[in-house]
Protein chains: 2
Amino acid sequence: MKIVLTPIGIIHSPYKKKEDIPIRGVFMPQGVGTIEVFEEYEKGLQDVEGFSHLIILYFFHKSKEFSLLGKPFLEDKLHGIFAIRSPHRPNHLGISVVRLLERKGNILKVGEIDVFDGTPLLDIKPYVPKFDERKNVKIGWLEGKLNNQNKS
Amino acid sequence: MKIVLTPIGIIHSPYKKKEDIPIRGVFMPQGVGTIEVFEEYEKGLQDVEGFSHLIILYFFHKSKEFSLLGKPFLEDKLHGIFAIRSPHRPNHLGISVVRLLERKGNILKVGEIDVFDGTPLLDIKPYVPKFDERKNVKIGWLEGKLNNQNKS
């Protein structure tokens, strides 16, 4: 079975090099980008401006291979690809929560962006705490490794 | 530009009919399913068992069309597809947070499942509150509509 997707837009960000991209955008809220939704999909943006945060789904277009084990940014040990957030995953799908600063037609100005400039956009969903947040969470190998990261 | 994906597994759930699926799995934590990751990807599951919650990305295989405006479960007004979580989206991509109950090899037993039985799995990512949660969130048209839903 093959699933064929078509980008619905392009994400423009300040990050042209891998070294510039923050581990997650929430740790660098000053990183502002724009999401250009292709005009044919603009009607689908109706009412997004009521949401402060959006979940974006995108294609890790710079990653040309995948590996079932990988070393994350935050340590040197190998972990399974499904236990880390590396782009080098079987389907090269990425998700991020961004802060919606402004909408002008088909252009969304967003904060907390953490992707390469030019990343193909696949979907946008409203971020809803009652759907997307959980309590009493265990974070496995990441336990104790995020203490030096600032949360916005 | 076309992006071609290959399912990495299948999600088995108790939900065979649309009417049975909860609005979100978190509102029906007793809904238990299994995620079958194809054996060729099993190595990528190393260390997922340390996480209490996983984000799953999947293909809404029952949705054969899309609409840029849609009526969500929770009300009768139309909203842009990117302001709702309907499956009838341009790329038919879905995401859910599930609770990991047990891993046996390539099989994950999960709670809070909210997808059709047989849904093609595209990716699994660890759920990390510091990456995925936000404060001071505005939820647009959903404001006031979730008060009768139980949060786990």
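**Strand pairing and symmetry in a predicted dimer model**

In E1(B), Ile3(B) is the bridge partner of Leu5(A). The model is predicted.

User: What makes E1 of chain A and E1(B) a strand pair?
Analyst: Two strands pair if there are at least two bridges between them. Strand E1 (residues 3–5) of chain A and E1(B) have three bridges, in the antiparallel sense. They therefore meet the criterion of at least two bridges.

User: Why is the relation between chain A and chain B that of a two-fold axis?
Analyst: Chain B can be laid on chain A by a turn of 180° and a shift of 0.0 Å along the axis, with an RMSD of 0.0 Å. That is the relation of a two-fold axis. Which residue of chain B comes closest to the axis is also clear: Val4(B), at 2.3 Å (C-alpha).

User: What shows that the same surface serves both copies?
Analyst: Of the contact residues of chain B, 100% recur in chain A.

User: How many residues does the contact take from each chain, and which element of chain B supplies the largest share?
Analyst: It takes 62 residues from chain A and 62 residues from chain B. On the chain B side, strands E1, E4, E6, E7 and E9 and helix H1 each supply at least two residues. E9(B) gives the largest share, six residues. By class, the chain B side divides into 36 nonpolar, 12 polar and 14 charged residues.

User: Which strands make up the closed barrel of chain A?
Analyst: The order is E2-E3-E8-E7-E4-E9, six strands with antiparallel pairing. Neighbouring strands of this sheet are turned by 45° against each other on average, direction ignored.

User: How do you know what E8(A) pairs with?
Analyst: Count bridges against the cut-off of at least two. Strand E7 (residues 93–104) of chain A pairs with E8 (residues 107–111) of chain A over five bridges. Strand E3 (residues 33–37) of chain A pairs with E8(A) over four. Both pairings are antiparallel. Lys109(A) is the bridge partner of Glu102(A) and of Thr34(A).

User: What lies between E7(A) and E8(A) in their hairpin?
Analyst: Two residues. Gly105(A), in the turn, has a positive phi of about 60°. Lys104(A) has Ile107(A) as its bridge partner in E8(A).

User: What makes Leu108(A) and Val110(A) buried?
Analyst: A residue is buried if 20 or more other C-beta atoms lie within 10 Å of its own. Leu108(A) and Val110(A) are buried and point to one face of E8(A).

Conventions
Residues numbered from 1 in each chain as written. Chains lettered and ligands numbered in written order. Predicted model: local features only at pLDDT ≥ 70, side-chain atom pairs only at ≥ 80, totals over all residues. Least-squares fit on C-alpha atoms with pLDDT ≥ 70 in both. Contact = placed C-beta atoms within 7 Å. Axes fitted to C-alpha atoms, helices over the stretch in contact; angles between N-to-C directions. Nonpolar A, V, L, I, M, F, W, Y, C, P; charged D, E, K, R; others polar. Buried ≥ 20, exposed ≤ 12 C-beta atoms within 10 Å, placed from the backbone.
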